[in-house]
Amino acid sequence: MEESLFIVDDHKMLLNGLKNWLEENSEWKVAQVFTSPEDCLSCLSKLSDSKDFPKIIIVDVQLKDKSGFELVEKISSRWPDSKCLIYSMYDTPGYILQAKESGAKGYISKVASEEELLMALETVKNGGEYIEKRMEQAQKKLDSALSLFSRQEKIIFEKILQGKTNKEIAGDLYISLHSVENYVSFIYDKACVKNRAELIQKFQQN
């Protein structure tokens, strides 16, 4: 049985390559492709009560000057039954964490095999959640640590794992650099590490 999905990715070559591969090698039909989140949201609004609403929406992390996570948050908020799968070049634990918090049902990198991508789509379609196999151990470490942190600490923790500096984090969150430095110190203490390098090493994937 043919299943429909949307793809949102601002790299047109990769977008068309993925579309063609899925339609030639699986039962998935790529009903729409978008290079901007605005176009995707507009189309979804028109299809809200339609049988043509996609089963899954594949979303890249970087969409021109915007974040794919923001798009996933908007989709998850407006259409709670929708299922978004993050598909990205980034494969660090911080991005996995942010994907889950945005409401995505799965996270897989663009270096994963085609077979694993199909496995992720099938899992998400059937109501499950999927994390790329080689990232599972890192995810378990993250899950064990999250209960230690406040909400703001979690946000800063994920940005540290994404490789962002304190200055970049302050800019992202619109808070002072001093506030970020204080939060980072709390995170080090709770994670039982001495510095940024130790924190990243402790939670990186094996």
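Reader: How many helices and strands does the secondary structure of the protein chain comprise?
Author: The chain of this predicted model has 206 residues. Its secondary structure comes to ten helices and eight strands.

Reader: What radius of gyration does the protein chain have, and what would a compact globule have?
Author: Along the principal axes, the C-alpha atoms fill a box of roughly 55 × 35 × 30 Å. For 206 residues, a compact globule would have a radius of gyration near 17 Å, and the value for this chain agrees with that, at 18 Å.

Reader: Which percentage of the residues in the protein chain is buried?
Author: The accessible surface of the chain comes to about 10,700 Å², and carbon and sulfur atoms account for 49% of that surface. Among contacts with a separation of 6 or more, 63% join residues 24 or more positions apart. As for the 206 residues themselves, the buried share is 46%.

Reader: Which residues have the most contacts inside the largest nonpolar core?
Author: In soluble globular proteins, nonpolar side chains tend to be buried together. Here the largest such core has 27 residues. The elements that give two or more residues to this core are strand S1 (3-8), helix H2 (37-46), strand S3 (56-59), helix H3 (68-78), strand S6 (84-88) and helix H4 (93-102). The residues with the most contacts inside the core are Val 8, Leu 44, Ile 57, Val 59, Ile 75, Ile 86 and Tyr 107.

Reader: How many residues does the other core have?
Author: Another core lies apart from the largest one. Among its members are Leu 97, Val 180, Val 193 and Phe 203, and its residues number 19.

Reader: Which residues does Ile 57 touch, not counting residues up to four places away in sequence?
Author: Ile 57 is one of the residues with the most contacts inside the largest core. With residues up to four places away in sequence left out, Ile 57 touches Phe 6, Val 8, Cys 40, Leu 44, Ile 75, Lys 83, Cys 84 and Leu 85.

Reader: How many disulfides are there, and how far is the nearest cysteine sulfur from that of Cys 40?
Author: A disulfide requires two cysteine sulfur atoms within 2.5 Å, and the count by this rule comes to zero. Cys 40 is in no disulfide, and the nearest cysteine sulfur belongs to Cys 43, at a distance of 7.1 Å.

Reader: Is Cys 40 buried or exposed, and is Cys 192 buried or exposed?
Author: Buried means under 20% relative accessible area and exposed means over 50%. Cys 40 has 0% relative accessibility and therefore counts as buried. Cys 192 is found in the loop between H9 and helix H10 (196-203). Because its relative accessibility is 65%, Cys 192 counts as exposed.

Reader: With which side chain does the side chain of Asp 9 make a polar contact?
Author: Asp 9 is placed in the loop between S1 and helix H1 (12-25), and its 5% relative accessibility means that it counts as buried. Not counting residues up to four places away in sequence, Asp 9 touches Leu 15, Phe 34, Thr 35, Asp 60, Leu 63 and Lys 110. Its side chain makes a polar contact, at 2.8 Å, with the side chain of Lys 110.

Reader: With which side chain does the side chain of Ser 36 make a polar contact?
Author: Ser 36 is found in the loop between strand S2 (28-34) and H2. At 11% relative accessibility, Ser 36 counts as buried. The polar contact of its side chain, at 3.1 Å, is with the side chain of Asp 39.

Reader: What is the phi of Tyr 174, and what is that of Cys 192?
Author: Most residues other than glycine have a negative phi. Tyr 174 is found in the loop between helix H8 (166-173) and helix H9 (177-191), and it counts as exposed because its relative accessibility is 74%. Its phi is positive, near 55°. Cys 192, which is not a glycine either, also has a positive phi, of about 60°.

Reader: How far apart in space are Leu 177 and Lys 167, C-alpha to C-alpha?
Author: Leu 177 lies in helix H9 and, at 39% relative accessibility, counts as partly exposed. Apart from residues up to four places away in sequence, Leu 177 touches Asn 166, Lys 167 and Ala 170. Leu 177 and Lys 167 are ten residues apart in sequence, and their C-alpha separation is 6.0 Å.

Methods:
Residues are numbered from 1 along each chain as its sequence is written. This is a predicted model: local features need pLDDT of at least 70, side-chain atom pairs count only at pLDDT 80 or more; totals for chains, interfaces and linings use all residues. Side-chain values use heavy atoms; hydrogens and water are left out. Buried means under 20% relative accessible area, exposed over 50%, partly exposed in between (1.4 Å probe, protein chains only). A nonpolar core is a set of buried Ala, Val, Leu, Ile, Met, Phe, Trp, Tyr and Cys residues joined through side-chain atoms within 4.5 Å. Helices (H or I, at least four residues) and strands (E, at least two) are DSSP runs, numbered from the N terminus. Contact means heavy atoms within 4.5 Å. A polar contact is a pair of N or O atoms within 3.5 Å; within protein, one must be able to donate a hydrogen and the other to accept it, and residues adjacent in sequence count only if both atoms are side-chain atoms. The radius of gyration is taken over C-alpha atoms; the globule rule is 2.2 Å times the number of residues to the power 0.38. Accessible areas come from the Shrake-Rupley method with a 1.4 Å probe; for residues, only the protein chains shown count as cover.
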